[in-house]
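Student: I'd like to go through the pockets and the surface of this one with you. Could we look at the model together?

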Amino acid sequence: MSQKPSHVIAVYPGSFDPITNGHLDLIQRGSRLFDKLIVSILRNETKEPLFSVEERMEMLHEVVQAYPNVAVDSFNGLLVDHAAAHSAAVLLRGIRAISDYEYELQMTLMNRRLRPDIETVFMMANETYSFISSRLVKEVFDLGGNISGLVPPTVEARMRRMLSKSKRGA
Ligand code: PNS
């Protein structure tokens, strides 16, 4: 068995399109647990995102400023290779409800098979945020609903700016 690293680096991967208060809660709690936490956005060309990777990175930078041991990055290809390139021993993921479990289990087992030395650590979402997902935030916003309290204020402001630009363009 390999030795416990003296400096534990964790990668918190995701799409973050956009970052929600649920993600931010996990980042805050993760930053207290690990020496360094890298929030990494998947560069997935097949998905049609609301925000570009660059915009999502900007928003992440804005909201993690308060946490000196939190960094922001993006990746292509296998998550475990990205984690290994950062010498990360941990992948951090959040679980909201039992419905998340199957998808997370599959990913964890696949990642473990690819790189058994990298451990996935789960944190239960704070109950205040356990119903929030990026997909639902976008849907509610699109349909004119109130998203304040669901995403950081800077993200809400960006979404509003995006909407008024598209209205002006229409
Ligand atoms: O926020 P999401 O969309 O649930 O995050 C999913 C993510 C980025 C963690 C997952 O899609 C991923 O790790 N993709 C990288 C490709 C990869 O490593 N696949 C094989 C292991 S599942």
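Predicted model: local features only at pLDDT ≥ 70, side-chain atom pairs only at ≥ 80, totals over all residues.

**Pockets and a surface patch**

Student: OK, now the largest pocket: what volume does it have?

Tutor: The volume of the largest pocket is about 1,200 Å³, and 47 residues line it, with Gly14, Ser15, Lys47, Arg93 and Tyr103 lying nearest its centre. Elements that contribute two or more residues to this lining include the strands β1 (9-14), β4 (90-95) and β5 (119-124), along with the helices α1 (21-33) and α4 (98-114).

Student: Which element gives the most?

Tutor: That is α4, which supplies eight residues to the lining of the largest pocket. By class, the whole lining comprises 20 nonpolar, 14 polar and 13 charged residues.

Student: Switching to the surface, which residues form the nonpolar patch?

Tutor: The patch is formed by Ile98, Tyr101, Leu105 and Leu109, which together have about 420 Å² of accessible area. Of these, Leu105 belongs to helix α4.

Student: Why does Leu105 count as partly exposed?

Tutor: Leu105 is partly exposed because its relative accessible area is 35%, and that class covers values between the 20% limit for buried and the 50% limit for exposed.

Terms used
Residues numbered from 1 in each chain as written. Heavy atoms only, no water. 1 Å grid on protein atoms, 1.4 Å probe; cavity = no way out; pocket = protein on both sides within 12 Å on 5 of 7 lines; lining within 4 Å. Points joined across faces, edges and corners; volume = space filled by probe spheres on them. Helix = DSSP H or I, 4+ residues; strand = E, 2+ residues; numbered from the N terminus. Nonpolar A, V, L, I, M, F, W, Y, C, P; charged D, E, K, R; others polar. Patch = residues over 30% accessible without salt bridge, like charges linked within 9 Å, V, L, I, M, F, W, Y side chains within 5 Å. Areas by Shrake-Rupley, 256 points an atom, 1.4 Å probe, with all protein chains shown as cover. Salt bridge = Lys/Arg side-chain N within 4 Å of Asp/Glu carboxyl O. Buried < 20%, exposed > 50% of the residue type's maximum accessible area, 1.4 Å probe, protein only.
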